[in-house]
Amino acid sequence: MQKNLAEVLEQAGVVPVLVIEKVEDALPLAEALVEGGLNVLEITLRTEAALGAVEQIAKHLPDAHVGTGTVLSGDDLRRSVDAGASFLVSPGSTELLLDAAEGSDVPLLPGAANPSEVMRLLERGYRYQKFFPAQAAGGVPMLKSIGGPLAQVKFCPTGGIGPGNAADYLALPNVVCVGGSWMATAGLVRDKNWAEITRLSKEASALK
């Protein structure tokens, strides 16, 4: 299943990590991001509107790959799949979550923050992993170090990444894409400033 995920991540470059408070904001937000060149979207399961937002985007915007983030349990996984998510992202991993993911047709991008966690996920077949929290866990130097003995693993670093350091991560051979929220901040979404979100998305897309 990670083969399908690999194809999505390889073309993503930058993955917007989105917190959506209102379902009615989902479609115009996603359209603004896609117009700016970002079509792989992660909707975090931190609000009551999250799953409804996934449903709206999956149903009405076929040009977008919409997944869920902050997937912490098998129940989160199942509800995400039912809502139409095409991929799942977790900040870490547990055996229960990995077992649930093995029974799903929708691929999981599990999180790791150090070599031991990376190795445990690799044992379960995960060659694509989320590196989280990226900056707090050592940032670019840590990924460079991990890339030596574990060169077969590719990462999507997330956490503390913005326009000032995204290119540094993307320059690493073991980084397939990065996740961030700077192009769709809470303030921009609240103000429905879709034009500015598109502008920032174009800048982010140029980092690929």
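Cys177 is buried, with a relative accessible area of 0%. Here buried means under 20% relative accessible area, exposed means over 50%, and partly exposed lies in between, with a 1.4 Å probe and the protein chains only. This is a predicted model, in which local features need pLDDT of at least 70 and side-chain atom pairs count only at pLDDT 80 or more, while totals for chains, interfaces and linings use all residues. Residues are numbered from 1 along each chain as its sequence is written, and side-chain values use heavy atoms, leaving out hydrogens and water.

Which cysteine sulfur is closest to that of Cys177? The closest one belongs to Cys156, at 3.3 Å, and this is too far for a bond. Cys156 is also buried, with a relative accessible area of 5%. A disulfide is a covalent bond between the sulfur atoms of two cysteines. Here the term is applied to a pair of cysteine sulfur atoms within 2.5 Å, and the structure holds zero disulfides.

Rolling a probe the size of a water molecule over the atoms shows where empty space is left.

Now to the helices. Helices (H or I, at least four residues) and strands (E, at least two) are DSSP runs, numbered from the N terminus. In helix α2, residues 26-35, the buried residues are Ala26, Leu29, Ala30, Ala32 and Leu33. They lie on the same side of α2, because they cover an arc of only 160° around the axis. The arc is that of the directions from the helix axis to the C-beta atoms. These buried residues pack against β1 (14-18), β2 (40-44), α3 (50-60), α9 (186-190) and α10 (194-205), where contact means heavy atoms within 4.5 Å. After α2 comes Gly37, with a positive phi near 100°.

Helix α5, residues 95-102, has Leu97, Leu98, Ala100 and Ala101 buried. Their arc around the axis is only 160°, so they are on the same side of α5. On the other side of α5, the exposed residues are Glu95, Leu96 and Glu102. The cover over the buried residues of α5 includes α4 (74-83), β5 (108-109) and α6 (115-123).

Pro133 sits in the loop between β7 (128-131) and α7 (139-147), and a cis peptide bond with omega of about -10° joins Phe132 to Pro133. Thr70, in the loop between β3 (65-69) and α4, is not a glycine, yet its phi is positive, at about 55°. Lys192, in the loop between α9 and α10, has a positive phi near 55° and is likewise a residue other than glycine. Lys192 is partly exposed, with a relative accessible area of 42%.
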